[in-house]
Amino acid sequence: DDAALRAELRQRITAAADAARALGGYQLHFATKLVGELPLPATLTLAWPELPLGIRGTSAERAELLRASLPSETESTVVPYPHLAVVRTTQLRASVFEEGGETLSTPHFDVTYWVSPEGEERVAVFAFTSPMVDLQAELLELFDAIISTVTLRSGRADEHRRRESAAAETA
């Protein structure tokens with residue numbers, strides 16, 4: 001039914017925007033297809049949260065510090081990269097919403113990467129989500145491949161915060 005599909009899409013977009021806002025995200029990306037007609041709905045939010053961490057040392061040492069700073073009930077994995085400290089968390093969850101008096105539920109697979117570049121004392125968060133819960137292994141492989149290409153430039157988060165402050169002052 002088209003109305004139910006539109007309602008589900010509207011709910012997914014709203015939920016992605018709400019999650020991005022809660023994370024302090026400043027970039028939100030949507031994908032509906034990967035190649036050709038292969039459907040692969042997913043979102044990616046990038047955030048630079050204010051975390052009270054002074055992270056120094058090797059990539060492995062910084063990754064372990066990041067991992068230790070996450071809540072103990074969070075299942076996390078250190079993902080080894082040469083110049084990035086990366087900790088990955090995964091979660092299966094259900095998104096529940098109402099449409100036409102009916103309660104609907106959509107499963108989601110969330111994968112969050114906590115990334116600390118070499119020489120930086122801050123953390124970038126890359127939060128992926130997809131309703132394709134049956135493809136968890138494939139999604140992890142895809143998302144890991146995306147993270148392996150990440151290059152974080154010094155000062156990017158500071159530049160974003162300056163722009164946000166300037167926008168807030170003019171509003």
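Which residues are buried in helix H2 (residues 59-69)? They are Ser59, Arg62, Ala63 and Leu66, where buried means under 20% relative accessible area, exposed over 50% and partly exposed in between (1.4 Å probe, protein chains only). This is a predicted model, so to speak: local features need pLDDT of at least 70, side-chain atom pairs count only at pLDDT 80 or more, and totals for chains, interfaces and linings use all residues. Residues are numbered from 1 along each chain as its sequence is written, and side-chain values use heavy atoms, with hydrogens and water left out.

**Helix H2**
- Look down the axis of H2 and its buried residues fall within an arc of 100°, so they line one face of the helix; the arc is that of the directions from the helix axis to the C-beta atoms.
- The buried residues of H2 pack against strands E3 (76-80), E4 (84-99) and E5, with contact meaning heavy atoms within 4.5 Å.
- Helices (H or I, at least four residues) and strands (E, at least two) are DSSP runs, numbered from the N terminus.

**Strand E6**
- Seven of the seven residues of E6 (residues 124-130) are buried, so the strand is largely enclosed by the rest of the structure.
- Ala124, Phe126, Phe128 and Ser130 point one way, while Val125, Ala127 and Thr129 point the other.

**E6 and its partners**
- E2 (residues 39-47) pairs with E6 in the antiparallel sense over five bridges; pairing takes at least two DSSP bridges between two strands.
- Thr43 has Thr129 as its bridge partner in E6.
- E5 (residues 102-117) also pairs antiparallel with E6, over seven bridges, and Phe109 has Ser130 as its bridge partner there.
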